[in-house]
Amino acid sequence: MVIGIVRAFLGFWAILCTALLPAGAAQAQQARAGERADFLLIDKSDRRLWVYQDGKVIRSYSGLQYGDQPVGHKRFQGDERTPEGRYTISYGNPQSSYYLSLHIDYPNAQDRAYARSRGRSPGGLIFLHGQPNGLPYEQRIPGDWTDGCIALSNAEIAELWSLVPDGTPIEIRP
């Protein structure tokens, strides 16, 4: 409940800050009345994310950025891969080192068991997030650069932040 209130306040703050950007700066659409994601789908090979509500696509984003090893499912801490499978957006993190972030609940039980059977850690702290803090709002680092997270532009993550409640299922396909 408290997290939801904090996210709502921060969403309002993001809208206010976006409105104060100079003309011509990249700006995201915010969720319209009644818009609320109930499912996210990512196709890693197409570098696309679709936002669904009631079985219909309400937003899509392209040009997603991944870890330095973008092909294959994340297995271990430090492998710089992005997970594949079904997970949940568990919370939003406004204190991120990147412009806003939505936590993906990797690793699941199967991921932990696989890593444990090989004497390794599965890693964690996988997020959908914007660009590193400190960059100009509209700037984007080229190529794949995360440690396994999924990066979008700052404008895109601001929009996604306004659409995606905690508990939203996400499927990440190869």
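User: Which residue follows α2, and what is its phi?
Analyst: Gly-119 follows α2, and its phi is positive, near 65°. Keep in mind that this is a predicted model.

User: And what happens at the start of α2?
Analyst: Helix α2 covers residues 109-117. At its start, a side-chain oxygen of Asn-108 comes to within 3.1 Å of the backbone nitrogen of Gln-110.

User: New topic. In what order do the strands of the sheet run?
Analyst: The order is β3-β2-β1-β8-β4-β5-β6-β7. These eight strands form an open sheet with mixed pairing. The edge strands are β3 (56-62) and β7 (150-151), each pairing on one side only.

User: How many bridges join β1 to β2?
Analyst: Five, and the two strands run antiparallel. Phe-39 has Tyr-52 in β2 as its bridge partner.

User: Where does α3 lie?
Analyst: α3 lies across β1, β2, β3, β4, β5 and β6. It runs at about 155° to β3.

User: What about the largest nonpolar core? Which residues touch the most other members?
Analyst: The core has 29 residues, and Leu-40, Ile-42, Leu-49, Ile-104, Leu-128, Leu-160 and Ile-170 touch the most other members. The largest share, six residues, comes from α3.

User: Last one: His-129, buried or exposed?
Analyst: His-129 sits in strand β6. It counts as buried because its relative accessibility is 2%, under the 20% cut-off. Beyond neighbours within four places in sequence, its contacts include Tyr-98, Trp-145 and Ile-157.

Note on methods: Residues are numbered from 1 along each chain as its sequence is written. This is a predicted model: local features need pLDDT of at least 70, side-chain atom pairs count only at pLDDT 80 or more; totals for chains, interfaces and linings use all residues. Side-chain values use heavy atoms; hydrogens and water are left out. A nonpolar core is a set of buried Ala, Val, Leu, Ile, Met, Phe, Trp, Tyr and Cys residues joined through side-chain atoms within 4.5 Å. Buried means under 20% relative accessible area, exposed over 50%, partly exposed in between (1.4 Å probe, protein chains only). Helices (H or I, at least four residues) and strands (E, at least two) are DSSP runs, numbered from the N terminus. A polar contact is a pair of N or O atoms within 3.5 Å; within protein, one must be able to donate a hydrogen and the other to accept it, and residues adjacent in sequence count only if both atoms are side-chain atoms. Contact means heavy atoms within 4.5 Å. Two strands pair if DSSP finds at least two bridges between them. Axes are lines fitted to C-alpha atoms, for helices over the stretch in contact, and angles run from 0 to 180 degrees between N-to-C directions.
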